[in-house]
Structures are given as structure tokens and as C-alpha cells.
Amino acid sequence: MGNAFNTITFDKGRCDGCGDCMTVCAKLPGSAGRSRLSVIVAPDRSDFELAICRQCGQPKCVMNCPAGALAKGEQDGIVRWEGAKCVGCLLCTVGCRYGGIVPHAEARQMSKCDQCEGDPACVTVCKSGALSFNRAGALYNRVGNLEDLFAPGLSACQGCNSELLIRHTLRHVGPETVVATPPGCIAGMGAVGYNGQTGTKVPVFHPLLTNTASMLTGIRRTYKRRGRDVTALALAGDGGVVDVGFQSLSGAAERGEELLFICVDNEGYMNTGMQRSGSTSYGSWTSTTPVGKRMHGKSRDSKDMPLMMMMHRCEYVATASLGFMDDYYAKLDKAIAAAKRGMAYIHVYAPCPTGWRFPSSATIETCRKSVETNFVTLWEYTPDAGLRFTRPVDNPIPVEEYLRLFGKYRHLSPEQVTHIRQTTVDKVKHLKMHARAAEEARQANDVPLKGE
Amino acid sequence: MNQTTYLIAGSSHAAIEAVAAIRMVDPEGEVVMATADQRLPYSPTILPYVVSGRTSPETATLRGAAWLEANRVRFLAASPIAEVQPDQRQVRMADGAVWRYERLLLATGARPALPPIAGLAAQPHHVLRTVEDALALQAAIAGARQAVILGAGLVGLHAAETMRKAGLGVTVIEQKSQVLPGYFDGEASRMIEKAFRDHGIEMVMGETAAAVEAQDDKGFRLQLAGGGERAGDLLLIAAGVRPVTDFLAGSGVDLGQGVLVDARMRTSVPNVWAAGDVAQADRFLDGVKAMAGILPNAVEQGRIAGADMAGDSAVKPFPGSVPLNTFAYFGNHAISVGALDEAGAVIETHAGDGCYIRLVIAEGRLRGISAINHVVDAGLMWQLILRRIDLAPVLQDFLARPHEIGRVLMSRLWR
Ligand SMILES: Cc1cc2nc3c(=O)[nH]c(=O)nc-3n(C[C@H](O)[C@H](O)[C@H](O)COP(=O)(O)OP(=O)(O)OC[C@H]3O[C@@H](n4cnc5c(N)ncnc54)[C@H](O)[C@@H]3O)c2cc1C
């Protein structure tokens with residue numbers, strides 16, 4: 001697998017414009033007195049933007065350097081500058097389209113971000129949390145070196161992030177795993193296999209939509225009885241979790257069965273023709289909630305499945321979005337451990353290019369927007385610590401910016417948008433209530449009681 | 001019979017980027033790079049800095065042996081192509097060797113143009129295009145007292161500064177009425193010219209050399225078309241370049257001023273591409289096919305040619321060349337991107353304190369920006385021009401603070 005790289009990320013919603021990042025950067029030896037990143041105030045003073053070297057995959061500064069003074073590190077992806085070779089022509093600034101290069105014209109040289117070689121000072125000094133060092137690249141490299149337990153060649157729709165999810169999850173969970181893929185996209189895209197060959201390199205089976213949790217329970221218990229510690233992993237769609245599969249899952253959770261249950265929520269029965277499910281969001285077009293004179297997409301709100309699982313007091317419950325891989329990985333680690341003690345449930349929000357109608361190249365972008373608007377919230381729960389936001393978004397961008405990404409919302413009336421805006425706010429408010437309670441309990445040293 | 005899948009003629013920017021693009025989609029196809037140079041790939045752009053001693057030919061390789069090996073390039077140094085025979089899909093090298101190719105890239109660049117000056121052929125003079133030229137010029141500077149430079153473009157001015165700093169008397173003669181024509185307007189170029197005058201360099205504008213003859217044992221005497229004359233002992237010709245196309249005679253490849261190419265750098269002949277200083281492609285601002293002669297353009301064209309040669313389905317057509325440059329002189333810094341003027345354009349200039357900035361806006365879109373001693377993200381402005389970004393909503397802010405507002409637009413429009 002190729003190398004993935006860490007990045008400095010900027011969450012403008014959190015930036016307060018204090019400028020500490022620039023002050024500290026300018027003092028670093030490699031900066032020669034000029035900060036290598038700059039926070040810019042927007043013309044209407046409404047928010048902040050960041051100009052910083054992106055450590056591009058195919059860096060044009062390197063291509064435009066006539067002196068061979070810039071090169072991209074093969075291992076860490078950092079585009080480095082070699083002062084001894086630089087002639088100071090500043091043609092690198094012509095190559096860069098991101099404002100990532102700081103010219104020092106009078107000294108005939110330049111400077112640029114080198115991520116402080118792995119420990120960026122700007123991130124350390126940022127109090128608001130706007131700057132962070134995303135180490136997902138290191139994660140990819142680590143996981144990329146593990147065996148891919150999925151066969152090459154899946155027949156998922158273009159842009160579907162399930163492949164990303166499956167390959168990474170299976171690599172991470174490892175070979176001592178039995179996978180259940182109930183009817184749904186994941187089974188359909190080749191997980192259960194073709195012509196007598198499975199799509200996974202670990203045992204996989206195809207339960208009914210209704211009994212996934214029950215069958216996995218049996219498998220986990222059987223192996224346990226035989227003295228083998230096997231992870232019982234479900235990769236199920238929202239139909240098989242929120243609707244038809246709910247009864248068996250709820251039962252398994254209530255009994256504390258040791259399962260790692262991952263729900264890939266694309267808000268509907270997508271592989272059978274995009275019918276609505278209990279998880280389909282309000283207002284969505286689906287083939288069973290069409291848009292016409294009388295119907296205007298789905299008229300009901302979606303069930304909040306992860307909250308329901310929290311109410312089961314599972315060993316571990318979390319929500320995730322593949323726009324935030326490092327967050328997902330941290331949760332997967334905890335879930336794998338928790339699944340040895342009881343039910344671990346991860347609810348992955350999975351935008352569906354085919355069913356939601358957006359370009360296949362935009363999946364990760366839609367994931368990000370879902371979180372930045374608070375349409376999706378990233379949190380985790382354990383009976384001990386209660387609910388905790390893992391990536392709180394305090395100044396969300398308007399939810400309309402999320403809605404407008406999808407064809408399935410194109411028909412929304414202003415009233416429907418208002419409804420979505422309101423439920424989004426209400427949902428966050430409700431979650432915050434839980435988070436606050438957990439926080440208060442922690443402070444009072446009065447840890448919530450585990451179990452009954 | 002020698003044969004290869006990809007034959008790349010030249011080893012500079014266009015050639016290197018073509019190879020990189022080929023390797024993105026075709027890791028295995030054979031690549032042979034045949035060049036006129038004796039050395040590992042280097043860029044002519046570093047030569048002024050070789051002359052000034054800031055760098056050396058040994059340090060300033062563009063890509064070294066490790067790169068060639070990693071990209072599995074068979075490198076043929078000192079192997080200029082002498083003839084192209086597209087019907088046989090083969091080329092003949094100067095040493096007589098014949099190579100068959102499946103796809104050929106002409107990235108042979110340019111060489112200095114010599115103006116018609118009576119007696120020039122017989123008179124020792126310098127040009128600057130190869131490392132050998134640079135080393136010869138450097139040696140000559142060490143033993144010279146009075147230099148005459150023909151041409152006040154980037155090469156001529158850079159050399160003038162180096163020579164002046166080395167203690168020589170320097171005269172620059174420029175045919176046009178201003179320095180750096182095409183990159184800076186009258187006002188900016190006068191500021192630049194003044195800096196050179198202030199450092200004791202004689203700047204003769206709007207004048208051409210008519211004849212040259214030897215004087216004493218190593219000196220010369222140059223007659224100017226306007227009647228004057230200058231004497232000196234070091235003559236540098238920096239009067240522009242012309243593409244290297246002589247080896248294409250009889251090949252059937254269509255030539256204008258250079259090798260005519262389409263937006264994928266294809267020439268008129270199948271299986272033959274051209275990129276960089278040798279190619280004549282569309283200009284972005286007016287769509288006319290023209291020579292560009294700058295490094296960033298060679299890089300872009302090289303990438304496109306390589307991608308197309310390797311059958312990369314994602315290849316994006318060339319949007320057209322945009323004039324671009326950065327120029328440092330006597331502690332100052334000038335930068336220019338795009339048009340200097342345009343019919344119907346709004347022109348905004350600010351000057352003062354040794355700084356200058358000029359913005360050309362047409363129909364609410366940026367067409368050009370040039371500046372002296374201002375920080376401007378040239379690459380970012382280039383994108384604003386190429387993407388024809390509508391600046392109307394932020395126009396006043398942009399005119400006042402192009403650098404900051406450019407960065408805000410960048411953050412919002414592309415990542
Ligand atoms: C002194 C100087 C300063 C410059 N400064 C700047 C600057 O500041 N900014 C800027 O943008 N541009 C500058 N340039 C221009 C820039 O260097 C060129 O635009 C760029 O190098 C073009 O790259 P290229 O690959 O097209 O061709 P070139 O760099 O010209 O390379 C041509 C290659 O082809 C080889 N070749 C020639 N003939 C043959 C043949 N018959 N067969 C095989 N190979 C052959 C040559 O050996 C060479 O390797 C400068 C140029 C010079 C000379």
C-alpha cells in the first residue's frame with residue numbers, strides 16, 4: 001500500500017483569530033521571522049481562513065523549482081526545502097496555488113511549513129482547537145501494512161464508502177473474526193462472494209435481515225465454549241438494524257452478548273431500489289417516499305438508533321463518519337475491546353451517491369459537511385463514563401449547506417428545511433443533556449452505575 | 001535496432017514532468033531520454049546563479065541519477081536527435097544511431113536568438129543557455145572590465161547585476177523602450193530600470209546594435225543603430241530565444257514559430273508530442289498560438305504531454321499559457337502574472353515607497369497582476385485568472401488587499 005501522510009487541519013468554526021499560531025511559527029528557526037501559516041480574516045469579517053502548505057501529493061512547487069531544492073519526503077510526505085540548493089528565484093511561489101510559500105525576497109530565499117517534523121508548534125499553541133494535527137495518515141500506513149482480509153474487486157457503486165469501511169475494519173479487527181453480512185449493500189457488493197468463493201478471507205455468512213444478532217450470538221458462544229476468542233462482527237445496513245433486525249439486536253444487547261455490531265447507515269434499502277427505512281431522514285426522496293403533488297419525500301423523522309443502543313447500556317456505543325478516520329479508528333479500538341465483554345455498537349453514517357444523488361467523487365466531502373453542520377454528531381458512550389462528544393462542533397455551519405449537496409433533498413420546501421434545522425438543533429441539545437450529565441457525574445466523582 | 005515505447009527528446013523541465021506523468025499511469029513502459037546535454041538533467045533557469053556563484057553545476061541538478069533509476073529512465077547524455085522520420089516511427093541521432101519509438105516527445109527547448117548584427121559571427125561573444133555557457137561567462141567576468149549586454153529581459157538584467165557586483169562597468173542595450181517588456185508596464189519597468197541605473201549600470205533603451213568589430217586584442221567596438229557606439233571586453237547576447245526545431249526539417253511536423261501543438265500537446269504528426277519552450281500552444285488570454293518560453297509553462301505542458309502519451313484518461317487539456325515571472329534584483333522583488341492591459345479593462349495601480357502594484361480586471365475577472373516589493377501569491381493569482389473567478393462580490397476589497405482576499409477566495413474555491 002502507498003504511503004498516507006499526516007496533515008495539519010483547520011476548523012474555522014473554532015478559530016477566534018488570536019494569532020498565536022502565527023506568532024509561535026514566526027519564532028521557529030525555519031521561519032526566519034515570518035510565520036509559515038497565515039490566518040486571514042474574511043472581507044466581511046465573518047470568519048477566518050487559513051493559508052498553509054498542503055504538502056501536496058504532486059507538489060507544483062517541487063516541479064517549478066529549477067534547482068532541485070524542494071522535494072517531497074517519501075516516507076512522511078513533507079515537502080522539504082534545502083537551503084543550500086535554493087537559488088532564491090521564487091518560482092516555487094508560481095507553482096503553489098495555496099499561498100503555502102513564504103517568500104523572503106530580500107534574502108533571496110523562501111520558507112514553508114515542514115509540520116515541525118511531526119509535532120507542529122502551531123497546533124500545540126492553538127487554544128481554541130481550530131488547528132489540529134490529523135494523524136490519520138499514520139493510521140492508514142499502520143493499517144495498510146496489515147493483511148487486507150477482503151478479496152480484491154468489489155461491486156459497490158462508485159463512490160460508496162463501504163469498501164473503505166470494510167477493508168479498514170477487517171484489517172483492524174484481524175483474522176480471528178467471523179463476519180455476518182445480512183441482506184443489504186454489503187452482502188450484495190460481494191462480501192458473501194460469488195460462485196462458491198467468499199469475498200472475505202475470514203469466514204463470512206449471510207443471515208436473514210431479522211436474525212443477524214441471534215446467529216452471531218450463537219457463533220460467539222460456540223467458539224467461546226471451544227476456547228477460541230473469535231470476534232463476532234456484524235456489517236449490517238440500517239434496514240437490518242433499525243427496522244427488521246431491531247428485535248434480535250435489542251435482545252442481544254439486553255443480554256449483553258459479546259458482539260461487534262457495525263451499522264452502515266445509508267438511510268434506506270439502497271440495493272433493492274432505494275426504499276425508505278426507519279433511518280431515512282426527514283424530507284428525503286426515496287422510491288417509497290416520492291416527490292409529487294401530495295408527498296414531498298419522507299414525512300417522518302428518523303429513528304435515533306445509536307441513542308437507542310445507548311439506552312440498552314451496551315458496553316460501548318459510538319457514532320462515526322468516514323470523513324474522520326482517526327475518530328473512527330479510536331472508536332474501533334475501543335469497540336473491539338468492549339466486544340470481548342459485551343455488546344459494542346458503532347453506527348457509521350454512510351452517504352450513498354446512488355441513492356442520495358450526489359457525485360461519486362464527493363462522498364468524503366459530504367461526510368465532512370454532515371459533521372460540520374451537526375446533522376451528524378460524533379460521540380461515544382460507555383456505561384462508566386456516559387456520553388462524550390468526540391468531535392464537538394460548537395459553531396456549526398448552516399444545515400442548508402449539507403442539504404444542498406444531495407438530489408434527494410432538492411425539492412425541500414422552506415418549511416421542511418426549517419423542520420430539519422429545528423430537529424438538528426433539538427437532537428444536539430438532547431445529546432448535550434446526556435453529555436452534561438456525564439460530565440457532572442464525573443466531576444462529582446459520582447460515576448454512573450454500571451448495569452442494574 | 002534500438003527501440004523503446006517512449007522516446008523523450010530533451011532532459012529539462014518539460015521532459016522530466018512528462019516522464020513523471022507517464023509513470024503515474026504506466027509504471028512499466030520503456031522510457032528513453034535522449035538529450036543534447038552532457039550532464040544529468042538541469043534547468044537553464046539556474047544558470048544566472050551559476051554565473052553569480054550562488055550555486056554550482058554540481059549542486060543544481062534538477063533530478064539526479066536516483067530519480068532516473070527510480071523512474072526506470074534510460075538516459076542518453078550527449079545524444080542529440082538529428083532527424084525525425086515519423087513514417088518509420090524512428091529518429092536518427094547525431095552519432096548516426098537509429099531509435100524506433102512508439103511515442104515521441106519533443107522537449108528540446110530553445111536556444112538563444114542571435115540578432116542580425118554585422119560582424120557578430122567573427123566576434124567572440126557570450127550567450128547563456130547551457131552550463132558550459134555559464135561557466136564560460138563566469139570565467140570571462142573574472143577577467144573583464146567593461147561588459148555590454150544586448151537585451152534587458154530576465155537573463156540580461158540578472159547578468160547585469162552579477163557583473164556590476166563583480167566590479168565591471170556594465171551597459172545594457174534594449175531594443176524596446178523599457179526593461180522586461182511583456183511582464184511590466186511602463187511605470188513598473190521605469191522603477192526597475194532606475195534601480196539598475198542607481199547601481200551604476202548604463203541603461204540604453206530603444207536602441208539596437210548594428211555592427212560589431214574587434215578592437216585591441218580582446219576588446220570590441222559596437223555600433224548602435226541610432227549612431228552611438230560602445231566599447232567593451234565582454235559581450236553578452238540576451239536578446240530572446242528561438243525554439244530548437246532544426247532537426248525537424250523534412251519530418252512533416254507542422255511548424256509555426258515553434259512546433260504547433262493542440263491542447264494535449266499533440267503535433268500535426270501521429271505519435272509525436274511537443275512541450276515546453278519548443279512548442280507553440282494556445283495562449284490563455286487571447287487564444288492565439290504563441291511561444292511562451294517560461295518554466296511553469298514547460299512544466300504544465302510536459303505533464304499534459306506525458307499523461308496523453310501514456311493514455312491517461314484523466315488528462316486535462318492545456319488551458320493556455322499565461323505570462324508569469326518572478327524577478328529579484330538588488331534586494332527588490334518583482335512579480336508578474338497575466339495581462340498588463342486589455343481592451344475595456346479596469347486598471348488599478350498603487351505606487352509609493354519603492355512598491356508598486358497593478359491589477360487588470362475585465363468583466364469582474366482578474367486578468368493580470370504585477371507588483372514590485374509586494375508579497376503576492378503568484379500561483380494563486382494564476383488560478384484566479386485561469387478559473388475566471390467572478391470577483392464582483394469582493395472587488396473593492398480585492399483591489400485594496402489582493403494578497404489577503406486572494407487567499408480567502410482560494411480557501412473557499414479550491415482546496
Ligand atoms: C538564463 C535563463 C534564465 C531563465 N530564467 C527563467 C525564470 O526566471 N523564469 C522562468 O519561468 N523561466 C526562465 N527561463 C526559461 C526556462 O528555463 C525555460 O522556459 C525552461 O527551461 C524550458 O524548459 P524545456 O524543458 O522546454 O526546455 P529547455 O530547458 O530549453 O531544455 C531543452 C532540453 O533539450 C535538449 N536538447 C536540445 N536539442 C536537442 C536535440 N536535438 N535532441 C535532444 N535533446 C535536445 C537540451 O539539452 C535540454 O536538455 C530562463 C532561461 C534561461 C536560459
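Chain B falls into three parts, namely domain 1 (2-111 + 242-309), domain 2 (114-239) and domain 3 (331-414), with bounds taken from an automatic or database domain assignment. The structure is a predicted model, in which local features need pLDDT of at least 70 and side-chain atom pairs count only at pLDDT 80 or more, while totals for chains, interfaces and linings use all residues. Residues are numbered from 1 along each chain as its sequence is written, chains are lettered from A and ligands numbered from 1 in the order in which they are written, and side-chain values use heavy atoms, with hydrogens and water left out.

Contact (heavy atoms within 4.5 Å) joins 9 residues of domain 2 of chain B to 13 residues of domain 3 of chain B. Buried area is the accessible area (1.4 Å probe) that two parts lose on being put together, summed over both; for domain 2 and domain 3 of chain B this comes to about 820 Å², with 69% of it on carbon and sulfur atoms. On the domain 2 side, B:F184, B:D185 and B:M191 lose the most area to domain 3 of chain B, and together they account for 54% of what that side buries.

One of these residues, B:D185, also takes part in a salt bridge with B:R358, at 3.3 Å from N to O. The criterion for a salt bridge is a side-chain nitrogen of Lys or Arg within 4 Å of a carboxyl oxygen of Asp or Glu, and the count between domain 2 and domain 3 of chain B is 1. Between these two domains of chain B there are also 3 residue pairs in polar contact, both residues being at pLDDT 80 or more. A polar contact is a pair of N or O atoms within 3.5 Å; within protein, one must be able to donate a hydrogen and the other to accept it, and residues adjacent in sequence count only if both atoms are side-chain atoms. By class, the side of domain 2 that touches domain 3 of chain B holds 6 nonpolar, 1 polar and 2 charged residues. Here Ala, Val, Leu, Ile, Met, Phe, Trp, Tyr, Cys and Pro count as nonpolar, Asp, Glu, Lys and Arg as charged, and the others, Gly among them, as polar.

Chain A is assigned domain 1 (7-138) and domain 2 (147-445). The C-alpha centres of these domains of chain A are 36 Å apart, and their contact takes 6 residues from domain 1 and 5 residues from domain 2. Together the two domains of chain A bury about 420 Å², 35% of it on carbon and sulfur atoms. The side of domain 1 of chain A that touches domain 2 of chain A divides into 1 nonpolar, 2 polar and 3 charged residues.

Turning to the two chains together, chain A gives 44 residues and chain B 50 residues to their contact. Chain A and chain B bury about 3700 Å² between them, 54% of it on carbon and sulfur atoms. The interface of chain A and chain B has 4 salt bridges; B:R412 and A:D47 meet in a salt bridge through their side chains, at 3.0 Å from N to O. Polar contacts link 13 residue pairs across the interface of chain A and chain B, both residues being at pLDDT 80 or more.

The ligand lies between chains A and B. An N or O atom in the side chain of B:S11 is 3.1 Å from an oxygen atom of the ligand, and a backbone N or O atom of B:G293 is 3.5 Å from an oxygen atom of the ligand. For B:N325, a polar side-chain atom lies 2.9 Å from a nitrogen atom of the ligand.

Definitions and conventions:
A residue is near a molecule or strand if one of its heavy atoms lies within 4 Å of it.
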